[in-house]
Amino acid sequence: MIKVTDEELVEQAFLARNRAYTPYSHFQVGAALLTQEGRIYLGCNIENAAYTPTNCAERTAFFKAVSEGERNFSAIAIVGGPKGREELSYCPPCGVCRQVMMEFCDPKHFRIILAGTKEEYRVYMLEELLPMGFGPENLESDNKGE
Ligand code: THU
């Protein structure tokens, strides 16, 4: 198991952001998703002339990883802001991306790292950003709702 630091993951998210395809919003987002084994999957936002097919950076990273057989994740670093800017405000993941995280990650342990620069970042748990989220366990037949 390779140990990846939060700073390294943030640095990878900045690299991923350089590949964002954003001819419409010019708002560039990068994500670096860390598996429990220490592998990193990068993602950027990919926009579309029809607008709605746009894919966020976080989901790009998740879908790349899951399609390669990964299912166990420990953290994601996210950076986003207008093209050309390097010192950024925090870019919180959209609701759809939080829901995708909820599908694959334990909300009490999955860490979401929001960064402004390579040195300055804050860590949140998925549970904080998606309280009382709906996940795979809610569909199980022994769940209290039944
Ligand atoms: N975007 C992301 O990639 N991730 C986020 O967390 C927020 C929004 C993208 C979608 C779109 O390409 C652009 O940012 C503006 O919304």
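Okay, Arg17: leaving aside residues up to four places away in sequence, this side of the chain touches Gln28, Val29, Gly30, Val79, Gly80, Gly81, Pro82, Lys83, Arg85, Glu86 and Leu88, where a contact means heavy atoms within 4.5 Å. Arg17 sits in helix α1, residues 6-17. Helices here are DSSP runs of H or I with at least four residues, strands are runs of E with at least two, and both are numbered from the N terminus. Arg17 counts as buried because its relative accessibility is 2%. Buried means under 20% relative accessible area, exposed means over 50%, and partly exposed is in between, with a 1.4 Å probe and protein chains only.

Quick housekeeping. This is a predicted model, so local features need pLDDT of at least 70 and side-chain atom pairs count only at pLDDT 80 or more, while totals for chains, interfaces and linings use all residues. Residues are numbered from 1 along each chain as its sequence is written, and side-chain values use heavy atoms, with hydrogens and water left out.

Now, helix α3. Which of its residues are buried? In α3 those are Cys97, Arg98, Val100, Met101 and Met102. Their cover includes α2, β3 (73-82), β4 (111-115) and α4 (126-129). Take Met101: its relative accessible area is 0%, so Met101 is buried. Not counting residues up to four places away in sequence, Met101 touches Glu58, Phe62, Ile76, Ile78, Pro93, Phe110, Ile112 and Leu126. Met101 and Phe62 are 39 residues apart along the chain, yet their C-alpha atoms are separated by 7.9 Å.

Phe62 brings us to the rings. Rings of Phe, Tyr and Trp (its six-membered ring) pair if their centres lie within 6.5 Å; planes under 30 degrees apart count as stacked, over 60 as edge-to-face, and the rest as tilted. That rule gives four aromatic pairs. One of them is Phe62 with Phe104, stacked, at 6.4 Å centre to centre and 25° between the planes. This pair links distant parts of the chain, with Phe62 in helix α2 (residues 57-67) and Phe104 in helix α3 (residues 95-104), 42 residues apart. Phe62 is buried, at 1% relative accessibility, whereas Phe104 is partly exposed, at 25%. Phe62, Phe73, Phe104 and Phe110 form one aromatic cluster.

Another ring to look at is Phe14. What lies over its face? That's Lys118, at 5.9 Å from the ring centre. For a charge to sit over a ring, NZ of Lys or CZ of Arg has to be within 6 Å of the ring centre and within 35 degrees of the ring normal.

On to the ligand. There are 13 residues around the ligand, and Asn45, Glu47, Cys56, Ala57 and Glu58 come nearest; a residue is near if one of its heavy atoms lies within 4 Å. Polar side-chain atoms also come up against ligand oxygen atoms: one of Glu47 at 2.5 Å, and one of Glu58 at 2.6 Å. Pro92 has a polar backbone atom 3.4 Å from an oxygen atom of the ligand. Taken alone, the ligand exposes 370 Å², and the protein buries 78% of that.

Last stop, two loop residues. His26 lies in the loop between α1 and β1, with phi near 55°, a positive value in a residue other than glycine. Tyr51 is in the loop between β2 (40-44) and α2, and phi there is near 65°, again positive. Buried or exposed? At 57% relative accessibility, Tyr51 counts as exposed.

Notes. Polar contact = N/O pair within 3.5 Å; in protein donor to acceptor, adjacent residues only side chain to side chain. Areas by Shrake-Rupley, 256 points an atom, 1.4 Å probe, with all protein chains shown as cover.
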